[in-house]
Amino acid sequence: MTELKWWQKAVFYQIYPRSFADGNGDGVGDFYGMIDRLDYLQDLGIDALWLSPHYPSPQYDCGYDVADYIAVNPEYGTLADFKRFLEGAHRRGIRVILDLVLNHTSDQHPWFIESRSSRDNPKRDWYIWRDGKDGGPPNNWYSGFGGSAWEYDPTTDQYYYHYFFKQQPDLNWRNPEVKQAMWDAVRFWLDLGVDGFRLDAVGTIFEDPALRDHTARLSQLELYHALRAASSEEDLARLIEERKAMFRYQVEQPEVHELMQELRAVIDEYPDRMLVGETGEIAYYGDGHNELHLAFNFPLMKTERLTPAWVRANQQERLSALPPGAWPCNTLGNHDSPRVYSRYGDGQNDDALARLHLALMLTLRGTPFLYNGEEIGMTDLELADISQFRDNVGVWVYHTAINELGLPPAEALAYANRFGRDKCRTPIQWANAPNGGFSPAGVQTWLPVNPNYAQGVNVADQLDDPDSLLNFYRRMLRVRKQTPALIAGDYTVLHEDAEDYLAFLRSDEADGQTCLVVLNMSDRAHTLSFDLDAHRARLVFSSHTRRGDGDDLSQLQIAPFEVYIGEIEGGA
């Protein structure tokens with residue numbers, strides 16, 4: 001296992017800075033809080049942190065509208081505080097990667113303020129400006145967050161392009177000065193010692209230079225109406241293809257891969273650093289060595305229920321498609337998606353399923369990424385009033401639902417909760433105390449704290465409970481770290497037609513270890529027989545009490561919702 005890079009062996013944990021830990025009592029997470037919780041993270045057993053944007057920002061898109069790439073948001077602290085956080089993490093053997101927003105800046109970034117000041121400003125071509133056409137925008141492109149992708153600016157009588165909100169103008173990456181400025185920012189953080197970057201929205205960096213009109217047959221509003229009314233998988237698939245046609249000239253342009261190769265060359269100037277992209281496209285691995293080190297296996301997430309058949313099909317397709325030398329990367333949740341506990345629970349066996357889903361992440365081949373709060377089973381929080389929303393996507397959905405779709409306010413609020421992202425970004429619940437222990441009593445937190453902190457969904461109560469989800473996380477993370485086959489081993493699926501359970505081998509020839517993994521995703525017990533060269537397995541881990549430390553593989557008893565890991569005696 002020694003030949004693997006650190007990022008191939010690591011378990012990553014995403015910190016959402018505003019919601020992780022409030023160290024100065026103002027209702028917003030900060031570096032003081034993060035520093036105070038480094039021992040907790042070390043004890044949890046994670047190896048690396050992905051820090052969501054910590055840069056100065058007007059927070060129109062919760063930090064993904066960057067106003068300065070080489071500084072720290074004053075709400076979170078200072079650059080000196082960041083350095084203390086980074087040094088403290090490294091001292092504990094924890095790596096740190098930063099979020100890097102390449103596609104756009106905030107409209108409050110000094111670059112854009114200069115760019116929009118006049119047509120002959122030296123930074124005019126740092127962004128994408130065009131004359132209007134026929135009294136309107138340059139073409140019929142839409143923003144991914146709704147409405148036109150073009151914003152008219154009366155100061156210079158032109159339109160600027162924004163794939164996301166109008167407060168997030170797209171950078172012009174065809175301008176070499178933009179590239180140089182961004183690579184300088186990358187080197188700034190690498191020089192400080194950060195271990196790499198998670199690249200935001202990489203697929204949107206370039207757009208068709210000819211600005212060709214899209215050829216979708218529906219308008220964006222008509223598409224939303226149709227999606228709401230879709231009554232079959234066929235209808236939904238057809239509408240997804242229609243949406244692809246709507247954005248075909250705005251995403252996944254070929255130049256992006258040349259840019260990723262240039263960024264990889266910058267990263268490779270520094271030893272032992274890495275890149276992971278917010279993309280499920282395998283093309284971003286390049287030839288396996290010349291673009292990103294990791295791309296997320298997002299297709300695994302795109303289901304209402306994680307079944308054995310779904311996982312098997314995903315792994316077969318994903319692993320076989322990777323170029324030689326490429327390394328897989330799996331996740332089930334992040335700051336843009338519903339919480340794992342809520343998304344994949346069934347309302348009856350949520351705790352057991354949460355344990356299975358963690359085990360899935362830690363036993364599949366590849367680097368796992370976990371999201372803060374998953375370890376205590378945090379759930380989505382439906383906000384009670386639109387005034388509580390901080391995610392402007394949710395706010396836009398609410399007003400669109402009322403003004404364009406004609407929904408009553410209560411239904412529009414439900415719609416906003418469904419498609420908005422605040423529900424999975426609420427403050428971490430540290431204790432059964434006011435504000436869940438995130439902020440002092442009487443302080444208004446930036447988003448409401450989920451009240452289920454009082455029902456045991458908090459760190460302090462779970463630390464004292466040996467059977468808690470948190471302690472299950474701690475145990476499983478230790479098991480993974482101590483079991484070479486779970487990190488470096490090949491993946492071989494077994495019992496390919498099983499409907500209730502997922503069974504596979506992880507085999508590491510270098511360490512001579514083979515492990516059998518069985519994840520029973522059902523409420524039924526099974527007696528399983530495995531036709532392997534060896535007939536017995538040494539128990540490595542089980543989520544249920546088992547007698548002895550050895551198991552007969554010809555009649556392996558598996559309990560409902562059991563996580564079983566056994567080392568094959570003498571190899572497989």
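The legends below describe several close-up views of a predicted model.

In this predicted model, local features need pLDDT of at least 70 and side-chain atom pairs count only at pLDDT 80 or more, whereas totals for chains, interfaces and linings use all residues. Residues are numbered from 1 along each chain as its sequence is written, and side-chain values use heavy atoms, with hydrogens and water left out.

View 1. A nonpolar core is a set of buried Ala, Val, Leu, Ile, Met, Phe, Trp, Tyr and Cys residues joined through side-chain atoms within 4.5 Å, where buried means under 20% relative accessible area, exposed over 50% and partly exposed in between (1.4 Å probe, protein chains only). The largest core has 170 residues, and the members that touch the most others are Leu41, Leu49, Trp173, Phe197 and Leu199. Beyond its neighbours within four places in sequence, Leu199 is in contact (heavy atoms within 4.5 Å) with residues including Leu100, Met260, Leu275 and Leu292.

View 2. Rings of Phe, Tyr and Trp (its six-membered ring) pair if their centres lie within 6.5 Å, and planes under 30 degrees apart count as stacked, over 60 as edge-to-face and the rest as tilted. Trp6 and Phe12 form a tilted pair, with 5.8 Å from centre to centre and 40° between the planes; Trp6 is buried at a relative accessible area of 11%, and Phe12 is buried at 0%. Phe112 and Tyr127 are an edge-to-face pair, 4.9 Å centre to centre with 75° between the planes. Because Phe112 lies in helix 6 (residues 110-115) and Tyr127 in the loop between helix 6 and strand 4 (129-130), this pair ties together parts that are 15 residues apart in sequence. Helices (H or I, at least four residues) and strands (E, at least two) are DSSP runs, numbered from the N terminus.

**View 3. Helix 7 covers residues 176-192.** Among the buried residues of helix 7 are Val178, Met182, Trp183, Val186, Trp189 and Leu190, and what covers the buried residues includes helix 5 (79-91), strand 3 (95-101), helix 6, strand 7 (196-200) and helix 10 (255-267). The N-terminal end of helix 7 is capped by Asn175, a side-chain oxygen of which lies 2.8 Å from the backbone nitrogen of Glu177, while Gly193, with a positive phi near 110°, follows the helix.

**View 4. Val563 is found in strand 19 (residues 563-568).** With a relative accessibility of 1%, Val563 counts as buried. Although Val563 and Arg355 are 208 residues apart in sequence, they are 8.0 Å apart in space, C-alpha to C-alpha. Leaving aside neighbours within four places in sequence, the residues in contact with Val563 include Arg355, Leu356, Phe472, Met476, Val518 and Phe541.

Note on methods
Expected span 1.5 Å × (residues − 1). Polar contact = N/O pair within 3.5 Å; in protein donor to acceptor, adjacent residues only side chain to side chain.
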